[in-house]
Amino acid sequence: MRTESERISLPVLPILALATAGCLWGTGFYFGKIALSEMPVATMVLFRFAFACLGLVPFMFFERPRFGGSEWGWVFAAAVFGVPVQYLVQFKGLSLTTVSHASLMVGALPMLLAVAAVLFSGERLHVGGWLALAASTVGAALIALSSEGASGTANASIRGDSLVVLSMFAAIGWILISKRLMRDHSPVMVTGFVYWLGTLLLAVVVGTASGIPSLHYSHRVWVAVAEQGLLATASTTLLWNWGLKRVPASQAGIFVNLEPLIGAILGVSLLHETLGIAAVAGGLLIIGGAVYFSLKPGTRSE
């Protein structure tokens, strides 16, 4: 039998993997803002996923894809929602607002997932869940309304914040469809094919709308794009899936909330953004609601 100390030490590595994934996700907007200083939104998103697909290549040879005929339709749908729709809308929003505002808005995702679980999966929210939902909604409104008036947020805008929130609905579609596919297929295989197909679709969109993207950008921008693809996309996916296999989803969900926290910290400390009192209060409401949905059994979709 294992000793008590051995039982306590067992989850350390999976928890470290989940925490690392949450922190790396939080760097995406910061490095995205750096890349957007030279690259158009669509070009940056395309190169980000090109790097992500390259990072996933070594892991795609462990098994063959076994998607059935109808399942390829779900893969296609997840690819559309998960790559071009979600990220083009999200980073268009980032280009119109600040890193800290965009990051805090992403904190609404657990709340939106809980609502989706109620609407589409037959789950139920108790009174505490509805109160957390209301708090998160008020928090998002406070951040958006502070965009025009708070000191130091001249680069923030209601339009940009709203686009980031809008992209979360595409993220929900991608998550729910991917969850359906992962019932019968490995997470790495589902993620790899969704990203590859999504990147191909994105390349078609970008090529049709803007022609062949330029490669003439500074080393600083290429490093920022590579970080987004290799660390904030490919590595996070692998670390998250590995940790999620070894930690209950109800406990793992809390680490998703590191993304808005780290993003806001990077925006304030490195980009010298200033959050007004209303935005700080809104962020606390969103993160508090997200923590509640992550920890409370029966209030979130795994």
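Me: Which way, right-handed or left-handed, does α5 pass α10 in its crossing?
Reply: A crossing is left-handed if the near helix is turned anticlockwise from the far one by less than a right angle, and right-handed if clockwise. Here α5 passes α10 in a right-handed crossing. Before we go on, please keep in mind that this is a predicted model, where local features need pLDDT of at least 70 and side-chain atom pairs count only at pLDDT 80 or more, while totals for chains, interfaces and linings use all residues. Residues are numbered from 1 along each chain as its sequence is written, and side-chain values use heavy atoms, with hydrogens and water left out.

Me: How many helices and strands does the chain have?
Reply: Helices (H or I, at least four residues) and strands (E, at least two) are DSSP runs, numbered from the N terminus. The chain has 14 helices and zero strands.

Me: At what angle do the axes of α5 and α10 cross?
Reply: Two packed helices are described by the angle between their axes and the distance between the axes. Axes are lines fitted to C-alpha atoms, for helices over the stretch in contact, and angles run from 0 to 180 degrees between N-to-C directions. For helix α5 (residues 69-96) and helix α10 (residues 187-210), the axes come within 8 Å and cross at roughly 60°. That makes α5 oblique to α10; angles under 35 degrees count as roughly parallel, over 145 as roughly antiparallel, 65 to 115 as roughly perpendicular and the rest as oblique.

Me: Which residues make that contact?
Reply: Contact means heavy atoms within 4.5 Å. On the α5 side the residues include Trp72, Phe76, Val83 and Leu88, and on the α10 side they include Phe193, Tyr195, Gly198 and Leu202. The residues of this α5 and α10 contact divide into 15 nonpolar, two polar and no charged. In that scheme Ala, Val, Leu, Ile, Met, Phe, Trp, Tyr, Cys and Pro count as nonpolar, Asp, Glu, Lys and Arg as charged, and the others, Gly among them, as polar.

Me: How do α6 and α13 pack, and at what angle?
Reply: Helix α13 covers residues 258-270, and α6 packs with it at an angle of about 170°, with the axes 7 Å apart. The two helices, α6 and α13, are therefore roughly antiparallel to each other. Among the residues in contact are Val99, Ser103 and Leu104 of α6, together with Pro260, Gly263 and Ala264 of α13. The contact of α6 with α13 divides into six nonpolar, four polar and one charged.

Me: Is serine 103 buried or exposed?
Reply: Buried means under 20% relative accessible area, exposed over 50%, and partly exposed in between (1.4 Å probe, protein chains only). Serine 103 is buried, with a relative accessible area of 2%. Its place is in helix α6 (residues 99-106). Leaving aside neighbours within four places in sequence, serine 103 is in contact with Phe29, Pro260, Gly263 and Ala264.

Me: What is glycine 26 in contact with?
Reply: Glycine 26 lies in helix α2 (residues 12-26) and is buried, with a relative accessible area of 2%. Apart from neighbours within four places in sequence, glycine 26 is in contact with Glu259, Ile262, Gly263 and Leu266. Glycine 26 and isoleucine 265 are 239 residues apart in sequence and 9.2 Å apart in space, C-alpha to C-alpha.

Me: How many residues of helix α3 are buried?
Reply: In helix α3 (residues 28-36), seven of the nine residues are buried, so the helix is largely enclosed by the rest of the structure. Phe29, Tyr30 and Ile34 are among them. For the chain, buried residues make up 49% of the 302 residues.

Me: How many aromatic pairs are there?
Reply: Rings of Phe, Tyr and Trp (its six-membered ring) pair if their centres lie within 6.5 Å; planes under 30 degrees apart count as stacked, over 60 as edge-to-face and the rest as tilted. By this rule the count comes to 14 aromatic pairs. One of these joins phenylalanine 47 and tryptophan 222, a tilted pair at 4.9 Å centre to centre, with 55° between the planes. Phenylalanine 47 lies in helix α4 (residues 41-56) and tryptophan 222 in helix α11 (residues 219-244), so the pair ties together parts that are 175 residues apart in sequence. Phenylalanine 47 counts as buried at 13% relative accessibility, whereas tryptophan 222 is partly exposed at 22%.
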